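Subject: Structure for you to look over

Hello,

Here is the structure I said I would pass on.

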Amino acid sequence: MTLARLDFLIGAASAAAATTVDLPFANGVRPLAAYPQKRDLIVLTPRPPLLETPFRIFNDGVLTPNDAFYVRWHLAGIPTTVDGATHQIKIHGSVKRPLSLSVEDLRTQFERVEIIAVNQCSGNSRGLFSPRVPGGQWDNGAMGNARWTGARLLDVLAKAGLEDSAVQIRFRGLDQPLLDATPPFVKALSIGDLDENMLIAYEMNGKPLPLLNGYPVRLVVPGWYATYWMKMLAQIEAIDTVDDNFWMKTAYRIPDTPGNTVTPTDSGYPTIPINKLTVRSFITNLTSGQTIAPGTQTIRGIAFDSGKGIRHVDFSSDGGANWRKATLGEDHGNFSFRRWESRFTAERGASYVLACRATTKDGETQTAIPVWNPGGYLRNVIETYEVRVA
Amino acid sequence: MSERALRSAVLASALLVLGAASSTVTITLPPDNVQFKPGPGVDLATANCATCHSAAYIYVQPPLNRTQWTAEVTKMKKAYGAPIADADIAPIVDYLLTQNGRP
């Protein structure tokens, strides 16, 4: 790719060493700060740390660097010292052979498996909901795409041997509530939803995970929202009932309605735990409101979905009235970001509404009408970008 | 923590990570500098909210109305176990409305 062109397009935004950013919604001013093992990220909250990846970083390559990867913790009791040599992952509950595995055990006793997969916070883009909803007020940067390396969850469970009575696997990390009365952060997956892509990962982009991303091991659940990707994974418990803890039964629920969407006045509808990613696409080499130069412009972006894979991305320079197929970049697997690019001719003095729309290999696509739900989940509206040419 | 100390902590962590695939990693999180702003009820809010999270949690929300802030404070008490006295809920909500409220 031509770095010069990229600089040309985003130069205005990156030229000044900004100490704050102003995200495109009310109360969107955020400081930038470099947390341990991280470059400057957008600080949503300092304690517990919620750090957002500045969106232009997604233009740098298909993988999100570890030091740029977003951070999200629920509880402030985060261990700030973790010994990767002595850390144990306990596999217990309804298993025939309870196990306690070190990271070294994971490396030596199980096949080493790699997958490139998107990790996206359930609440990514919540700040863009209209009407707004309470919660973590992210712009679009609570996501990242990394090469994860580890042992298959199914291989580890096979070694322990699930009892026939087990219906879910419950995961817990090292983080702790600050109050005894606060429910510890645990998440559960139904056994029928487990697959061979799910890993207990000890490497992220070929390196140890940053502590704030779950060092020394985290669960990798390709195609599923990041709430299931337990950081600092310490306990894997087979349970005989559907988990009814707060984080499954009350939090992280989506409407069980068509499109998982409701209106603010709806009530009484059934809900289910959030689960798989919806299909999304973005332009990465410009931002809405930007002024661009006249002439032929190359527009670059990313697309991803829950693992069906991207069939095509459509690009529009007239707000979605007309679409043309973008050129897809290298295929890094169905769970990865897929880069794409397209071109259009920008006339001096004109304004354009650029838009992109991804379609999966099984036909799922994006629409112009955003979903709405009170949790602020699953946003995947067709993104639009207003640009002026001068 | 000073910026220099923070950089040192980052560097130390990075060196440990480089040293071996599985070793001890220690980080020092930067201090939480976001304070509840002065106003009636600030002491109650600080005492009841800041135990578990930064005041930033309030200021980054969209402006919320009384129903929404009441729901948030009640959730902190009932779901997250915050030891908020029933009598303190209304004054905390009043304070939050002065900080980031809407009609």
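The notes below cover a sheet, a helix pair, one glycine and the cysteines.

Please keep in mind that this is a predicted model.

The sheet in chain A

Five strands form an open sheet in chain A, in the order S8-S7-S15-S11-S12, and the pairing is mixed. At the edges are S8 (99–102) and S12 (186–190) of chain A, each of which pairs on one side only. On average, neighbouring strands of this sheet are turned by 20° against each other, direction ignored.

Inside that order, S11 (residues 168–173) and S15 (residues 233–239) of chain A are paired in the antiparallel sense, over 6 bridges. Within this pair, Gln168(A) is found opposite Ile239(A) of S15(A).

Helix H3 of chain A, residues 153–160, lies across S7 (88–93), S8, S11 and S15 of chain A. Its direction is at about 140° to S8(A).

Gly93 of chain A

Strand S7 of chain A includes Gly93(A). With a relative accessibility of 43%, Gly93(A) counts as partly exposed. Leaving aside residues up to four places away in sequence, Gly93(A) touches Glu237(A) and Ala238(A). Phe304(A) is 211 residues from Gly93(A) along the chain, and the C-alpha atoms of the two are separated by 35 Å.

The helix pair in chain B

In chain B, helix H2 (residues 42–49) packs against helix H5 (residues 86–100) at an angle of about 110°, and their axes are 9 Å apart. H2(B) is therefore roughly perpendicular to H5(B). From H2(B), the contact is made by Val42(B), Leu44(B), Ala45(B) and Asn48(B); from H5(B), by Asp88(B), Pro91(B), Ile92(B) and Tyr95(B). Sorted by class, the contact of H2(B) with H5(B) has 6 nonpolar residues, 1 polar and 1 charged.

The cysteines

How many disulfides does a search of the whole structure find? Over all chains, the count is 0.

Cys52(B) counts as partly exposed, at 23% relative accessibility. Cys356(A) has 0% relative accessibility and counts as buried.

Regards

Note on methods:
Residues are numbered from 1 along each chain as its sequence is written. Chains are lettered from A and ligands numbered from 1 in the order in which they are written. This is a predicted model: local features need pLDDT of at least 70, side-chain atom pairs count only at pLDDT 80 or more; totals for chains, interfaces and linings use all residues. Side-chain values use heavy atoms; hydrogens and water are left out. A disulfide is a pair of cysteine sulfur atoms within 2.5 Å. Buried means under 20% relative accessible area, exposed over 50%, partly exposed in between (1.4 Å probe, protein chains only). Two strands pair if DSSP finds at least two bridges between them. Helices (H or I, at least four residues) and strands (E, at least two) are DSSP runs, numbered from the N terminus. Axes are lines fitted to C-alpha atoms, for helices over the stretch in contact, and angles run from 0 to 180 degrees between N-to-C directions. Contact means heavy atoms within 4.5 Å. Angles under 35 degrees count as roughly parallel, over 145 as roughly antiparallel, 65 to 115 as roughly perpendicular and the rest as oblique. Ala, Val, Leu, Ile, Met, Phe, Trp, Tyr, Cys and Pro count as nonpolar, Asp, Glu, Lys and Arg as charged, and the others, Gly among them, as polar.
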